[in-house]
Amino acid sequence: MPTVARTLVDTLVHQGVSHVFAVPGESYLAVLDALVDVGDRLTLVTCRHEAAAANMAEAAGKLTGKPGVAMVTRGPGATHAAIGVHTAFQDSTPMLLFVGQVGMDMLQREAFQEIDYRQMFAGVAKRVVVIDRPERAAELTLSAYVSAVSGRPGPVVVVLPEDLLSEDAPAAHDRPVSVPEASPAPGAVAELANLLAEAERPLLWIGGPGWTAADVAHVQHFAEDAQIPVVTAWRRKDRFDNAHPKYAGELGLGANPKLLERVKSADLVIALGTRIGEVTSQGYGLPLPGQRLVHIHPDADAIGKVAPATLAIQSSIRLAAAALDELGHMIDPARWAETGWAEAARADYEAWVAPTAVAAGVNMAEVIAHIDSAVEPDAIFTNGAGNFAAWLHRFHQHRRIATQLAPTSGAMGYGVPAAIAAKLLHPEREVINVAGDGDFLMSGQELATAVRYRAGAIFLVVDNGQYGTIRMHQARDFPGRPSGTALNNPDFAAFARSFGAFGATVTRTEDFPAAFAAARAGGGPALIHIITDPNEISPGRRLG
């Protein structure tokens with residue numbers, strides 16, 4: 001019979017998982033040993049910090065739609081990895097975190113590095129599964145996998161008592177599992193058609209996880225047939241081609257004021273996939289009270305949670321998008337098409353994404369515009385959290401699905417490990433990380449991982465010598481009294497070179513194209529240190 005450790009590993013292989021991101025620990029040595037036998041099918045990526053391992057797994061889950069897998073040791077390893085679990089929870093990303101645990105005979109004694117993981121992860125994981133009986137190892141591991149991808153996807157923590165991992169266990173289930181899908185009821189689709197027939201200013205608001213290129217195509221056909229503007233939720237811009245004439249912009253931090261007014265003036269909002277989170281809804285101010293809302297989501301618990309729905313439809317993205325495509329053929333959009341409703345929304349968007357000027361330093365709007373002109377439409381962009389991300393979100397035009405990896409949880413330190421994971425999963429595609437100076441140094445040690453595995457992502461470090469978002473808030477709320485936000489930074493280009501990566505520094509906008517070309521030409525990991533004026537706090541806004 002296989003061991004518990006081997007059954008666990010075989011389950012991942014049979015379900016098509018390709019990478020495991022880990023920091024090794026003595027609490028799960030048997031699992032590390034079992035990975036040796038499947039090295040030709042399951043790549044073990046050794047990371048330098050557990051938070052990075054968890055973030056890589058989260059990014060893998062976003063890209064593949066299958067649970068990204070991280071493995072960490074007990075105690076400190078689990079607490080370090082918790083940030084990635086929280087991101088996966090708020091971003092609805094399928095993820096499995098395997099955590100070592102003390103032996104069964106040590107439990108509840110506060111043994112070395114012991115933590116009660118059910119208590120620790122109760123509010124940030126869909127489930128915490130403890131493999132406490134060897135004969136249930138196959139069942140529980142597969143159950144955790146299914147939980148991670150079902151309904152609203154999310155993270156599942158699997159706890160591995162050290163002394164059980166070498167025990168005999170049943171063999172793993174050797175076929176890919178089938179995940180159940182909710183489908184829209186015919187009556188609900190008919191009611192949606194009635195609501196559209198009564199509307200004069202309808203709007204489609206899309207977001208959430210689980211999208212494929214086919215889903216995007218269905219929604220695009222619906223938008224074309226229905227002549228309806230489409231907006232995306234925060235950090236979900238890749239759910240729709242940003243160059244499409246029906247795309248109207250992103251509802252997020254620093255959203256286009258004209259877009260916000262347009263959403264407020266809509267008389268029918270169709271929300272597909274988005275759970276209507278705080279940032280996207282502008283502090284739960286959208287939709288407005290009294291606005292007609294059709295909320296379509298795979299998880300019934302997400303519907304009506306923050307905004308009452310005129311029409312509630314529980315459905316997977318796949319089946320809902322296909323239903324919208326069919327519905328589009330039956331809609332007469334004359335009422336709003338004649339007013340130029342969608343065309344005006346697009347014109348507002350195009351004006352919004354025109355590059356802005358800066359008074360001093362490198363202009364990140366022009367940097368992003370140059371990158372857009374140089375890379376292929378399937379290039380993957382990653383970022384963590386900070387004001388620097390506003391330049392990327394506003395000015396980069398996502399053309400395809402699975403090209404944006406960004407935490408809706410607002411977690412710093414995400415972008416670097418996400419970029420490494422993306423490049424390992426898609427070595428044929430360009431991967432570009434945009435990070436602030438504070439954001440980068442929360443995970444910059446993972447350049448060692450990028451170099452070791454030859455993950456040739458390009459890292460742009462936007463350096464304004466401060467925690468810019470907090471500095472902006474201080475300037476607004478406590479003018480003239482900065483506190484705790486100034487940073488002393490290293491020479492980031494030299495830092496990159498010390499790992500064996502390419503490093504260059506840019507202090508003028510006109511010097512960026514040459515540096516970017518050199519970074520791309522090298523083929524390996526590359527970092528460009530971009531020094532910006534600290535007063536240029538976000539597009540079109542200056543401190544003071």
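These are my notebook entries on a predicted model, taken one topic at a time.

**Entry 1**

I began with the inside of the model, since nonpolar side chains tend to be buried together in soluble globular proteins. The largest nonpolar core has 54 residues, and I noted Phe21, Leu97 and Phe121 as those with the most contacts inside it.

I looked up Leu97 on its own and, leaving aside its neighbours within four places in sequence, I found it in contact with Ala70, Val72, Ala81, Val85, Phe121, Val156, Val157 and Val158. I also recorded a second, separate core, which has 53 residues and includes Leu196, Phe240, Ala266 and Leu293.

I went back to H15 and asked how many of its residues are buried. The count is eleven of eleven, and H15 is mostly covered. Among the buried residues of H15 I noted Gly415, Pro417 and Lys423, along with Ile420 and Leu425.

Helix H1, residues 4-14, is largely enclosed by the rest of the structure, because nine of its eleven residues are buried. The buried residues of H1 are Val4, Ala5, Thr7, Leu8, Val9, Asp10, Thr11, Leu12 and Val13. I wanted to know what the buried residues of H1 pack against. Their partners are strand E1 (19-22), helix H2 (29-36), strand E3 (68-72), strand E4, helix H6 (137-149) and strand E6 (155-161). After H1 comes Gly16, for which I wrote down a positive phi, near 85 degrees.

**Entry 1: two pairs of packed helices**

Two packed helices are described by the angle between their axes and the distance between the axes, and I looked up both values for each pair.

For helix H9 (residues 257-265) and helix H12 (residues 341-352), the angle is about 160 degrees and the axes are 9 Å apart. An angle over 145 degrees counts as roughly antiparallel, so H9 is roughly antiparallel to H12. Their crossing is left-handed. On the H9 side the contact is made by Pro257, Lys258, Arg262 and Ser265, and on the H12 side by Trp341, Ala344, Ala345, Asp348 and Trp352. I sorted the residues of this contact into five nonpolar, one polar and three charged.

For helix H13 (residues 364-374) and helix H20 (residues 512-522), the axes come within 10 Å and cross at roughly 45 degrees. Are H13 and H20 roughly parallel to each other or oblique? They are oblique, because only angles under 35 degrees count as roughly parallel. The crossing of H13 and H20 is right-handed. The contact is formed by Val367, His370, Ile371 and Ala374 of H13 together with Phe512, Pro513, Phe516 and Arg520 of H20. Here I noted six nonpolar residues, one polar and one charged.

**Entry 2: backbone exceptions**

Most residues other than glycine have a negative phi, and most peptide bonds are trans, so I searched for places that depart from this.

Ser92 is not a glycine, yet its phi is positive, about 55 degrees. I located Ser92 in the loop between helix H4 (76-91) and strand E4 (95-101). Its relative accessibility is 4%, so Ser92 counts as buried.

Gln227 also has a positive phi, near 55 degrees, in a residue other than glycine. I placed Gln227 in the loop between helix H8 (213-226) and strand E8 (230-233). Is Gln227 buried or partly exposed? With a relative accessible area of 24%, Gln227 is partly exposed.

I also asked where the model has a cis peptide bond. The bond from Leu286 to Pro287 is cis, with omega near -10 degrees. Pro287 is found in the loop between strand E10 (268-272) and strand E11 (292-297).

**Entry 3: Pro202 and its surroundings**

My last entry concerns Pro202, which is in strand E7, residues 202-206. Pro202 has a relative accessible area of 0% and is therefore buried. Not counting residues up to four places away in sequence, I found that Pro202 touches Leu196, Ile228, Pro229, Asp267, Leu268, Trp336 and Trp341. Of these, Leu196 is included in the second core, and Trp341 takes part in the contact of H9 with H12. Finally, I compared the positions of Pro202 and Leu32, which are 170 residues apart along the chain, and their C-alpha atoms are separated by 54 Å.

Terms used: Residues are numbered from 1 along each chain as its sequence is written. This is a predicted model: local features need pLDDT of at least 70, side-chain atom pairs count only at pLDDT 80 or more; totals for chains, interfaces and linings use all residues. Side-chain values use heavy atoms; hydrogens and water are left out. Axes are lines fitted to C-alpha atoms, for helices over the stretch in contact, and angles run from 0 to 180 degrees between N-to-C directions. Helices (H or I, at least four residues) and strands (E, at least two) are DSSP runs, numbered from the N terminus. Angles under 35 degrees count as roughly parallel, over 145 as roughly antiparallel, 65 to 115 as roughly perpendicular and the rest as oblique. A crossing is left-handed if the near helix is turned anticlockwise from the far one by less than a right angle, and right-handed if clockwise. Contact means heavy atoms within 4.5 Å. Ala, Val, Leu, Ile, Met, Phe, Trp, Tyr, Cys and Pro count as nonpolar, Asp, Glu, Lys and Arg as charged, and the others, Gly among them, as polar. A nonpolar core is a set of buried Ala, Val, Leu, Ile, Met, Phe, Trp, Tyr and Cys residues joined through side-chain atoms within 4.5 Å. Buried means under 20% relative accessible area, exposed over 50%, partly exposed in between (1.4 Å probe, protein chains only).
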